[in-house]
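Here is a short note to read alongside the model. The points run from single residues to the overall fold and back.

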Amino acid sequence: MQRSLIRQFYRDMLLARQFEEAAAEQYRQGRIAGFLHLYPGEEAVAVGTLRAADPGDYVVSTYREHVHAMVRGIPPEAVMAELFGRAGGCSRGYGGSMHLFSPEHRFLGGYAIVGETFPVATGVGYWLRMTDSADAVLCYFGDGAVNQGTFHESLNMASLWKLPILFVCENNHYQIGTEIHRHSALAEVHRRACAYGMLGRRVDGMDVLAVYEASREALAQVRSGAGPFLLECETYRYRGHSMADPASYRSAIEVEELRARDPLASLWRKAEAAGWMTADERRAIEAEVTAAVDGAVAFAEQSPPPTELQAGVYARPLDLYRGAP
Ligand SMILES: Cc1ncc(C[n+]2csc(CCOP(=O)(O)OP(=O)(O)O)c2C)c(N)n1
Ligand SMILES: [Mg+2]
């Protein structure tokens, strides 16, 4: 694999880790309100899948989507400012943490409803197919979303119509505090693909190289016209479900075991052993990432609050009240 790509993976995952830790700190200080779902532990999934995608592909993600947005090219400043609810945010401060959006990056959200990404991605896939586009859609969801009716309805139609969609399950084994064997009759999510006549496989979601390779193969299938693909990435979140969750439902031993497979540390070990990255290069990336995260927080702090609260709203409440069309 190219050395530049390995460094890119490392930089992306380090930015992801540090950005999220900075967001947690800003939340504690009261600068970020509402719910905040962080990604530490899961970095290899967003980075491996999205670096395998083409710039023209569309992305539909969940409420745990800050990292997906940044890997897609939305600047960290615009993501942090959105978390702060400021006008400099990528959704101009109206959306907050769970509703990042950027049409120019083909980043179609940020959805707070569990299972909401399936029909949105299916609609985009349908449009791509109708227009004979070469682009694809990457649709993210958690293990806890696969028992929603939208999963069945969307995967069935997507497969029937051979839509160009890569369904990416971020299986972190928990639906908030409920472990997967207690919420799913079938815990191996990728095996559900056969019910819809589509291809599916599981990959180690703590290993960015494995996720990247699996995503490239899956996207090649999707683009060939073979229809959608279900990629299950087995991963883990080191923090609670959201900042409001102390995660007391799991043992310290379990967390330690998964921390030993940390995606960043294991990539560094491999990169150093193979001579893909030197310690000096690693330090340079660390310095650059720290500056980028500090810059993002500084930008968010000085960005003003949104002023036009009614901009982008289709109907004004007063017109509705008066019966105007
Ligand atoms: C339709 C719906 N039901 C319930 C919720 C509350 N809720 C938010 S996240 C979540 C768990 C989702 O688990 P999972 O899909 O595994 O995602 P993860 O947070 O692990 O990434 C629930 C039940 C919601 N947002 N939407
Ligand atoms: Mg989960």
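1. Start with the exposure scale. A residue is buried if 20 or more other C-beta atoms lie within 10 Å of its own, exposed if 12 or fewer, and partly exposed in between. Lys162 has 15 C-beta neighbours inside 10 Å, so Lys162 counts as partly exposed. Its place is the loop between α6 (149–160) and β4 (165–171). Phi of Lys162 is near 50 degrees, which is positive in a residue other than glycine. This is a predicted model, and the points below should be read as such.

2. Arg106 also has a positive phi, near 55 degrees, and is likewise not a glycine. Is Arg106 buried or exposed? Arg106 is buried, because 20 other C-beta atoms lie within 10 Å, and the cut-off for buried is 20 or more. The residue sits in the loop between α4 and β2 (107–110).

3. His99 is in the loop between α4 and β2. With 17 C-beta neighbours inside 10 Å, His99 is classed as partly exposed. Setting aside neighbours within four places in sequence, the contacts of His99 are Ser91, Gly109 and Gly110. Arg259 is 160 residues from His99 in sequence, and the two C-alpha atoms are 29 Å apart in space.

4. Now the whole chain. The secondary structure comes to 12 helices and eight strands. The radius of gyration is 20 Å, close to the 20 Å that the globule rule gives for 325 residues, so the chain is as compact as a globular protein of that length. The C-alpha trace spans about 70 × 50 × 40 Å along its principal axes.

5. Burial and contact range come next. Of the 325 residues in the chain, 47% are buried. Take the contacts between residues at least 6 apart in sequence: 74% of them join residues at least 24 apart.

6. The largest nonpolar core holds 86 residues. Which residues have the most contacts inside it? They are Val137, Leu138, Cys139, Ile165, Leu166, Phe167 and Leu231. Helix α1 gives this core its largest share, 10 residues.

7. Phe167 deserves a look within that core. Residues up to four places away in sequence are not counted here. Phe167 then touches Cys139, Leu155, Pro228, Phe229, Leu230 and Leu231. Two of these partners, Cys139 and Leu231, are themselves among the core residues with the most contacts.

8. Helix α2 (residues 43–52) is largely enclosed by the rest of the structure, because nine of its 10 residues are buried. The buried set is Glu43, Ala44, Val45, Ala46, Val47, Gly48, Thr49, Leu50 and Ala52. Note that Glu43 is in this set.

9. Helix α11 (residues 279–302) passes a length check. At 1.5 Å a residue, its 24 residues should span 34 Å, and the end C-alpha atoms are 35 Å apart, which agrees. Which residues of α11 are buried? Val289, Val293, Ala296, Val297 and Ala300 are. An α-helix has 3.6 residues a turn, so residues three or four places apart point the same way. The cover over the buried residues of α11 includes α1 (3–28) and α4 (76–84).

10. Ligand 1 is surrounded by 15 residues. The closest are Val114, Gly142, Gly144, Ala145 and Gln175. What is the make-up of this shell around ligand 1? It divides into six nonpolar, six polar and three charged residues.

11. Trp127 is in helix α5 (residues 117–130). It is partly exposed, with 14 other C-beta atoms within 10 Å. Trp127 and Arg11 are 116 residues apart in sequence, and 34 Å apart in space from C-alpha to C-alpha.

12. Phe35 lies in the loop between α1 and α2. Phe35 is partly exposed, with 15 other C-beta atoms within 10 Å. Not counting residues up to four places away in sequence, Phe35 touches Ser97, Met98 and Ser242. Asp262 is 227 residues from Phe35 in sequence, with 25 Å between their C-alpha atoms.

How values were computed. Residues numbered from 1 in each chain as written. Chains lettered and ligands numbered in written order. Predicted model: local features only at pLDDT ≥ 70, side-chain atom pairs only at ≥ 80, totals over all residues. Helix = DSSP H or I, 4+ residues; strand = E, 2+ residues; numbered from the N terminus. Expected span 1.5 Å × (residues − 1). Contact = placed C-beta atoms within 7 Å. Near = placed C-beta within 6 Å. Nonpolar A, V, L, I, M, F, W, Y, C, P; charged D, E, K, R; others polar. Rg over C-alpha atoms; globule rule 2.2 N^0.38 Å. Core = buried A, V, L, I, M, F, W, Y, C linked by C-beta atoms within 7 Å.
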